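Dear colleague,

Please find the structure below, together with its sequence. I would be grateful if you would look through it before reading my notes.

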Amino acid sequence: MQPVQAENKTLLYIYDDVTEYGEFDWNAWEYKDSETSAKYFAEKLSEIPEGQTIELHINSNGGSVKEGVAIYNLLKQKQNQKVGIVDGVAHSVAFLILQACDTRKMCLGTTALIHNMWMYCSGNATQLRKYADDLDDMMEANRQVFLERAKIEESELIELMENETYLTPEKALEYGLIDEIMGKTAEPVNTEEILEKLSDMQRQLNSQESFRQQIAAMQKSQEDKKPRKNNVLNLFRGGMI
């Protein structure tokens, strides 16, 4: 989808698989340009002026790691304020792209998916082991993107990715992988709990007032016990009363 201009912001969309090439044009015998490629995003981001907010909307099953990581870094390098919103699904590398935004949001009913990378490969045993080692290195780099703001340890993130975990907005928020759930109503107010807290506060105030009264009474009692002047004796001595 083409970018949409709104007041003080530009809306960008990733509403398809993240790919380097678009569909194949059988008439022209070539691939069409992809609107989810790093090249496309580089062109569109360069057209957005400084000071304008970028609002990125995502509904994608993921796709090419190479293209997705490049889009992530292009967004990170752009100094504009960036807001990312998951409108449908943000699976695989699409969820990684979301992490480039300053504010990351998921709407109600949406899901994210995090998992380990995979690839097609062929070769002998040595070559296949090399491919596996390469994937491990790429996954280590990939995890750093999520760990930058995550509230979980790397060991837990590894386990989630190995299990190909789907995340609800609530889970993603708990793990620190998003910042906000859009459309979620506030929790209902527990009036009984509030009244109980107010009662506790009143009891504390009453206790403090009672303590102040006791102190005042003790001070008055001490004043009453002080020796008074002998006025009669002063008269005989010619003193003043």
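Predicted model: local features only at pLDDT ≥ 70, side-chain atom pairs only at ≥ 80, totals over all residues.

Residues are numbered from 1 along each chain as its sequence is written, and side-chain values use heavy atoms, leaving out hydrogens and water.

The whole structure contains 11 salt bridges (a side-chain nitrogen of Lys or Arg within 4 Å of a carboxyl oxygen of Asp or Glu). One of them joins lysine 130 to aspartate 134, at 3.0 Å from N to O. Both residues lie in helix α4 (residues 125–147), four residues apart, about one turn of the helix. Helices (H or I, at least four residues) and strands (E, at least two) are DSSP runs, numbered from the N terminus.

Arginine 149 forms a salt bridge with aspartate 179, with the closest N and O atoms 3.9 Å apart. Arginine 149 is in the loop between α4 and α5 (154–162) and aspartate 179 in the loop between α6 (169–174) and β10 (180–182), so the pair ties together parts 30 residues apart in sequence. Salt bridges with shared partners also link Glu20, Lys66 and Glu67 into one network.

As for the strands, β3 and β4 (residues 30–33) run antiparallel and are joined by three bridges; strands pair if DSSP finds at least two bridges between them. Tyrosine 21 stands opposite aspartate 33 in β4.

Yours sincerely
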